[in-house]
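I opened my notebook and looked up a few places in this structure. Here is what I wrote down.

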Amino acid sequence: MFTSWGVETTKKFTQAELHTALEELDTGAYGSILRAKGILPDTEGNWIHFDYTPGEIEIRAGGADYTGRLCVIGAELKEEGLKEVFGL
């Protein structure tokens, strides 16, 4: 059965930090992750949109939102680990 974990955050990310966190999802340490997506503020006052599927990461600039949001979809998700990998 698939579940989802989502969070709103004001934490600011660099593209490199976000890429590193998304690469960690491929390790299997956080559950069987099928997809992650979101929009987050970056450290330069812009917004980063991202999509993740196993083995594929897409990070791009995008429009602003009122707060950062991210969502992870998969099976046997390790929520505490996901919080740590994203530094939340």
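**Entry 1: a strand pair.** I started with strand 3 (residues 47-53) and strand 4 (residues 56-62). They run antiparallel, and 7 bridges join them. I note that this is a predicted model.

Next I looked at the turn. The hairpin of strand 3 and strand 4 has 2 residues between the strands. Gly 55 in this hairpin takes a positive phi near 80°.

**Entry 2: Thr 9.** I located Thr 9 in strand 1, which covers residues 3-9. Is Thr 9 buried or exposed? Its relative accessible area is 10%, and the cut-off for buried is under 20%, so Thr 9 counts as buried.

I then checked its surroundings. I left aside neighbours within four places in sequence. Thr 9 is then in contact with Leu 40, Pro 41, Thr 67, Gly 68 and Leu 88. I also looked at its side chain. A polar atom there lies 2.9 Å from the backbone nitrogen of Lys 11.

**Entry 3: the core.** I turned to the largest nonpolar core and counted its members: 19 residues. Those with the most contacts inside it are Leu 25, Ile 33, Val 72, Leu 82 and Phe 86. Which elements give two or more residues to this core? I listed helix 1 (15-24), strand 2 (32-41), strand 3, strand 5 (68-75) and helix 2 (79-85).

I finished with Leu 82. Not counting residues up to four places away in sequence, Leu 82 touches Trp 5, Leu 25, Tyr 30, Ile 33, Val 72 and Leu 77.

Key:
Residues numbered from 1 in each chain as written. Predicted model: local features only at pLDDT ≥ 70, side-chain atom pairs only at ≥ 80, totals over all residues. Heavy atoms only, no water. Helix = DSSP H or I, 4+ residues; strand = E, 2+ residues; numbered from the N terminus. Buried < 20%, exposed > 50% of the residue type's maximum accessible area, 1.4 Å probe, protein only. Polar contact = N/O pair within 3.5 Å; in protein donor to acceptor, adjacent residues only side chain to side chain. Contact = heavy atoms within 4.5 Å. Pairing = 2+ DSSP bridges. Core = buried A, V, L, I, M, F, W, Y, C linked by side-chain atoms within 4.5 Å.
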